[in-house]
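Good morning, everyone. Please have the sequence and the structure open while I talk, and stop me if you lose the place.

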Amino acid sequence: MHTPVDMRRRRYDWLMLCAIVLQAAVTLAYALTLHNTFNTSLYDIGTYTQAFHNLFEGKGLLITIHLPPQSSFAQHVFPLLYSLAPFYYFWPDERLFRIANVILLAAAAFPLYLCALKITRHGALSF
């Protein structure tokens with residue numbers, strides 16, 4: 001049997017999930033609109049797109065955007081980013097990085113909400 005406190009907590013859990021989905025949808029639409037209208041930066045997305053392309057061409061994580069050409073590890077080491085390599089192999093599109101960025105940032109909100117809930121013990125404050 002659920003107590004009224006549990007019912008309120010569940011309501012905030014669902015509200016949080018809805019807020020995460022809404023935020024992800026709006027942010028993804030914005031990010032893809034920026035990309036499709038050529039209003040994004042070459043630096044980050046271009047660097048990783050080129051590194052992954054070269055990886056699958058057998059050239060390692062080489063990037064030539066910077067002179068002299070260098071390994072992507074000379075700039076940043078993001079192990080989580082490189083876990084996207086299998087996905088990029090099957091869908092070699094730079095939008096993959098935008099989509100993953102939006103989803104991972106949105107997904108981070110729920111564990112933060114749970115931490116706040118544990119600290120405050122109050123659903124509305126945690127939300």
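Predicted model: local features only at pLDDT ≥ 70, side-chain atom pairs only at ≥ 80, totals over all residues.

The largest pocket has a volume of about 340 Å³, and 13 residues line it, among which Y48, L81, L84, F97 and N101 come closest to its centre. Three helices, α2 (42-56), α3 (79-82) and α5 (95-107), each supply at least two residues of that lining, and α5 gives the most, with six. Sorted by class, the lining has ten nonpolar residues, one polar residue and two charged ones.

Now to the rings. A pair of aromatic rings is described by the distance of the centres and the angle of the planes. The whole structure holds eight aromatic pairs. In one of them, Y88 and F97, the ring centres are 5.6 Å apart and the planes meet at 25°, which is under 30 degrees, so the pair counts as stacked. Y88 is buried, at 5% relative accessible area, and F97, at 7%, is buried as well.

F110 and Y113 also have their ring centres 5.6 Å apart, but with the planes at 45° this pair is tilted. These two residues are three apart in helix α6 (residues 109-120), and therefore about one helical turn separates them. Which is F110, buried or partly exposed? F110 is partly exposed, with a relative accessible area of 22%, whereas Y113 is buried, at 1%.

Finally, ring pairs join F52, F56, Y88, Y89, F90 and F97 into a cluster, and R11 lies over the face of Y12, 5.9 Å from the ring centre.

Note on methods:
Residues numbered from 1 in each chain as written. Heavy atoms only, no water. 1 Å grid on protein atoms, 1.4 Å probe; cavity = no way out; pocket = protein on both sides within 12 Å on 5 of 7 lines; lining within 4 Å. Points joined across faces, edges and corners; volume = space filled by probe spheres on them. Helix = DSSP H or I, 4+ residues; strand = E, 2+ residues; numbered from the N terminus. Nonpolar A, V, L, I, M, F, W, Y, C, P; charged D, E, K, R; others polar. Phe/Tyr/Trp six-rings, centres within 6.5 Å; stacked < 30°, edge-to-face > 60°. Buried < 20%, exposed > 50% of the residue type's maximum accessible area, 1.4 Å probe, protein only. Lys NZ or Arg CZ within 6 Å of the ring centre and 35° of its normal.
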